[in-house]
Amino acid sequence: MFFARKQTQLVAPEETLPGRTERWFNLHDRHLALGTPVVTDEAPAGMEVAVFGLGCFWGAEEVYWQLPGVWSTSVGYAGGTTPHPSYEEVCSGATNHTEAVRVVFDPSVVSYAELVKRFFEVHDPTQGMRQGNDVGTQYRSAIYFTTPEQEQVARELTEVYAAELRRRGLGEITTEIREVPTYYYAEDVHQQYLVKNPNGYRCHANTGVTFPEMA
C-alpha cells in the first residue's frame, strides 16, 4: 500500500534519489526514423524545441517523429530532481521525473500550436498520475515551454481544450505547465523504441475529443 501511494504522488525533493553527476551511457548518433542527430542540446538555426510529457514515451515519440516539420525527437526524463536518472529509478517514483519527449521542429513547417493540439488529442490530460493502465508519477501530463511565446500558446490552447472537455462533461485537465526543466536523455534502448520493436507497446489513452476549431 505504501509503494502504491508513493507511485501516485510526488515525493519531497529532499527525499528523491541522489542520481549521478553525468550521463552514464552512450547514445546512438543517428535518429533511426529521421536520420538526424538524437542528441540535440543545441538546435540548428531556425529550429525550435518543445518538450512534452504524455505517458509512456515510446509511443509518444513515434507520434511526433511522424509529423511533417519535426526534425528530430528523443525521449528522456524531466520535471524531477534526480540528476541523470535511470529508467528503473524514474519508474520507482523516487525521482519525480515524468517520461518526456523532446521535439526539435521547423516552425516554418509545423507550428508550436499544432504540436500542442496533437499533444492533447493523443493522450488523456485529465488522468493525473497515470495514462490508462500505466499508473505512476512518471506518466503525468506535462507541457514544458522553452520560450514566453510557447507559454502563451500552451496556456491559451489548454483553456480551449479544457472548455471543450467541460462542455462534453469530461474531467478537468491536470497537465503540468511550466518552464522547461533540465532534460535528461533516456538510455539508448528507449530511443526510437518502436523502430527497434515495431510491435512494441503503445499507450494512447485519450479522451477521443478532437481539438476544436478556433476562429
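# Briefing: sheet, aromatic pairs and salt bridges

E151 and R155 both belong to helix α5, where they sit four residues apart, about one turn of the helix. Their side chains meet in a salt bridge, with 3.0 Å from N to O. The model described here is a predicted one.

- Strands of a sheet pair through backbone hydrogen bonds, and the pairing may be parallel or antiparallel.
- Strand β2 and strand β3 (residues 98-105) run antiparallel and are joined by eight bridges.
- For A78, the bridge partner in β3 is T98.

**Aromatic pairs and a cluster**

- F52 is in strand β1 (residues 48-54) and Y64 is in helix α2 (residues 57-65), so the pair ties together parts that are twelve residues apart in sequence.
- F52 has a relative accessible area of 0% and is buried. Y64 is buried too, with a relative accessible area of 0%.
- F57 and Y77 form another pair, with ring centres 5.9 Å apart and planes at 40°, so this pair is tilted.
- That pair links distant parts of the chain, with F57 in helix α2 and Y77 in strand β2 (residues 70-78), 20 residues apart.
- F57 counts as buried at 0% relative accessibility, and Y77 is buried with a relative accessible area of 0%.
- One aromatic cluster is formed by F52, Y64, F105, Y112, F119, F120, Y161 and F211.

- R140 is found in the loop between β5 (134-135) and β6.
- The relative accessibility of R140 is 4%, under the 20% limit, so R140 counts as buried.
- A polar atom of the R140 side chain lies 2.8 Å from the backbone oxygen of N96.
- The side chains of R140 and E176 are joined by a polar contact of 3.0 Å.
- Neighbours within four places in sequence aside, R140 is in contact with L10, G53, L54, A78, G79, N96, H97, T98, G128, M129 and E176.
- Side chains of opposite charge can pair when their charged atoms come close.
- R140 and E176 form a salt bridge in which the closest N and O atoms are 3.0 Å apart.
- E176 is in strand β7 while R140 is in the loop between β5 and β6, so the pair ties together parts that are 36 residues apart in sequence.
- Both E176 and R140 are buried.
- A network of salt bridges links R140, E176 and R178.

- In the E151 and R155 salt bridge, E151 is partly exposed, with a relative accessible area of 26%. R155 is likewise partly exposed, with a relative accessible area of 38%.
- E164 forms a salt bridge with R168, and the closest N and O atoms are 2.8 Å apart.
- E164 is buried, with a relative accessible area of 11%, whereas R168 counts as partly exposed at 47% relative accessibility.

Technical notes:
Residues are numbered from 1 along each chain as its sequence is written. This is a predicted model: local features need pLDDT of at least 70, side-chain atom pairs count only at pLDDT 80 or more; totals for chains, interfaces and linings use all residues. Side-chain values use heavy atoms; hydrogens and water are left out. Helices (H or I, at least four residues) and strands (E, at least two) are DSSP runs, numbered from the N terminus. Buried means under 20% relative accessible area, exposed over 50%, partly exposed in between (1.4 Å probe, protein chains only). Rings of Phe, Tyr and Trp (its six-membered ring) pair if their centres lie within 6.5 Å; planes under 30 degrees apart count as stacked, over 60 as edge-to-face and the rest as tilted. Two strands pair if DSSP finds at least two bridges between them. A polar contact is a pair of N or O atoms within 3.5 Å; within protein, one must be able to donate a hydrogen and the other to accept it, and residues adjacent in sequence count only if both atoms are side-chain atoms. Contact means heavy atoms within 4.5 Å. A salt bridge is a side-chain nitrogen of Lys or Arg within 4 Å of a carboxyl oxygen of Asp or Glu.
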